Amino acid sequence: MTIAQITDALEEFAPCAYQESYDNAGLIVGNRQSEATGALLCLDVTERALQQAIDRRINLIISHHPVIFGGLKRLVGSTAAERVVQQAVRHDVALYAAHTNLDSVRGGVSEKMCDKLMLKNRSILQPVKNQLVKIAVYAPSAHAEAVRQAMFAAGAGHIGQYGCCSFTTQGTGTFLAGEQATPFVGKRGVLHREPEEKVEVIAHESKVSSAVAAMRAVHPYEEVAYDLYPLLNEHVGVGLGMVGELEKPMETGEFLRLVKQTFNNQSVKYVTSGRSEVCRVAVCGGSGGSLMGKAIACGADAFVSADFKYHQLQEADGRITVADVGHYESEIFAIEIFSEVITKKFPTFAPYLVEYTVNQINYL
Ligand SMILES: [Zn+2]
């Protein structure tokens, strides 16, 4: 199996196009076409994790955090990241990361937090905006279904938990074929009227090119009439953080103890809303402080995330209970997601879990 087959499976689940603009997810070191001798899963590519891969002759490391994030200007071994990249190249180990794209999909890091807290009625806390495009295609009626199916197969037509979404209107197209044209129907120089259907679907901007190419491949016309409209809509299936509800309301102190136990914390930093119970819970893997306003606005009683700053906790201002469970603790489940995605697609391929990644943060 090639490295590309494994990373393609991961990107089918968490497309790189969903990563935040500041991120660096994807294949960072290595060759897509190389044969994969194994895959090591970790949160961070530490030097010890890389050594484990080298010792086990594994040539692919899949991590949540990209080893090159803010950019490396030199490779002289002065930082751990530089040494990891140098050693990875020297030993021909590919480094792949699924980061904010893994945070932003259903089934991703934040949804894993929902699983652990057993939240129901889940939705994305901050759906992305301005990333959807409407594709409207005009096709002769007999070919409209083929056009529709081709666009679905290329990834268009998804709205939330629904696939194959489209709308069709019937009408009449007109065209006058020029002297050099080879019309599918009608004659050169004669105005033609053709019963047509207008098929409308939406697609994420990353899927538009492939959807249009697939549509054109089955469309019979020499010149295909189609429109692409950028949409202002939110994409309800993609975005950071999630919100859901506990099975039943829980006393705030009891909820905080549940959080501490669930995320295996030695201690949890928290502020309380003053409300006695928690039912609606927002979560975000990693540094979720910037979503505080969203968590409050969506009516959550509690927000579970990490790396809150003093002033972000002040922003809670008695309106929401906030629990800081630590960056590592909120994201370590990324390894479970990698493992599940890979073994579901390739049941006979067993990825290795890293042995050496330990949380470097201590509590006295
Ligand atoms: Zn993180």
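Helix H11 (residues 327-331) gives the most to the lining of the second largest pocket, with three residues. Helices are DSSP runs of H or I with at least four residues, strands are runs of E with at least two, and both are numbered from the N terminus. The model is a predicted one, in which local features need pLDDT of at least 70 and side-chain atom pairs count only at pLDDT 80 or more, while totals for chains, interfaces and linings use all residues. Residues are numbered from 1 along each chain as its sequence is written, and side-chain values use heavy atoms, with hydrogens and water left out.

## Pockets

The second largest pocket has 28 lining residues, and Asp 44, His 65, Tyr 328, Asn 359 and Gln 360 lie nearest its centre. Domain 1 (3-100 + 333-353) and domain 2 (105-127 + 240-330) both give residues to this lining, so the second largest pocket lies between them.

For the largest pocket, 25 residues form the lining, and the closest to its centre are Glu 12, Phe 13, Pro 15, Val 105 and Arg 106. Two or more lining residues come from each of helix H1 (3-13), strand S8 (191-204), strand S10 (234-251) and helix H12 (334-345). H12 has the largest share of that lining, with five residues.

| Pocket | Volume | Lining by class |
|---|---|---|
| Largest | about 820 Å³ | ten nonpolar, eight polar and seven charged residues |

The pocket search uses a 1 Å grid over the protein atoms alone: a cavity is a set of points where a 1.4 Å probe fits but cannot get out, a pocket is an open set with protein on both sides within 12 Å along at least five of seven lines, and lining residues have an atom within 4 Å of a point. Grid points are joined across faces, edges and corners, and a volume is the space filled by probe spheres set on the points. In the class counts, Ala, Val, Leu, Ile, Met, Phe, Trp, Tyr, Cys and Pro are nonpolar, Asp, Glu, Lys and Arg are charged, and the others, Gly among them, are polar.

## Chain and domains

The protein chain has twelve helices and 15 strands. Its C-alpha atoms fill a box of roughly 85 × 55 × 40 Å along the principal axes. Of the 364 residues, 49% are buried; buried means under 20% relative accessible area, exposed means over 50%, and partly exposed lies in between (1.4 Å probe, protein chains only).

The domain assignment, which is automatic or from a database, gives domain 1 (3-100 + 333-353), domain 2 (105-127 + 240-330) and domain 3 (131-231). The centres of domain 1 and domain 3, taken over C-alpha atoms, are separated by 39 Å. Between Lys 344 and Thr 172 there are 47 Å in space, C-alpha to C-alpha, and the two are 172 residues apart in sequence. Lys 344 lies in helix H12 and is exposed, with a relative accessible area of 73%.

## Helix H7

In helix H7 (residues 208-218), the buried residues are Val 208, Ala 211, Val 212 and Met 215. Down the axis of H7 these residues fall within an arc of 95 degrees, so they line one face of the helix. The arc is that of the directions from the helix axis to the C-beta atoms. Ser 209 and Ala 217 are exposed on the other side of H7.

## Aromatic pairs

Five aromatic pairs are found in a search of the whole structure. Rings of Phe, Tyr and Trp (its six-membered ring) pair if their centres lie within 6.5 Å, and planes under 30 degrees apart count as stacked, over 60 as edge-to-face and the rest as tilted. Tyr 22 and Phe 69 form an edge-to-face pair, 6.3 Å centre to centre with 80 degrees between the planes. Tyr 22 lies in the loop between H1 and strand S1 (26-29) and Phe 69 in the loop between strand S3 (60-63) and helix H3 (80-90), so the pair ties together parts that are 47 residues apart in sequence. Tyr 22 is partly exposed, with a relative accessible area of 49%, and Phe 69 is partly exposed at 41%. Ring pairs also link Phe 175, Phe 184 and Tyr 221 into a cluster.

## Positive phi

Cys 164 is a residue other than glycine with a positive phi, near 55 degrees. Cys 164 is placed in the loop between helix H6 (144-153) and strand S7 (167-176) and is exposed, with a relative accessible area of 53%. Asp 317, which is not a glycine, has a positive phi of about 45 degrees. Asp 317 is in the loop between helix H10 (310-316) and strand S14 (321-324) and is exposed, with a relative accessible area of 60%.
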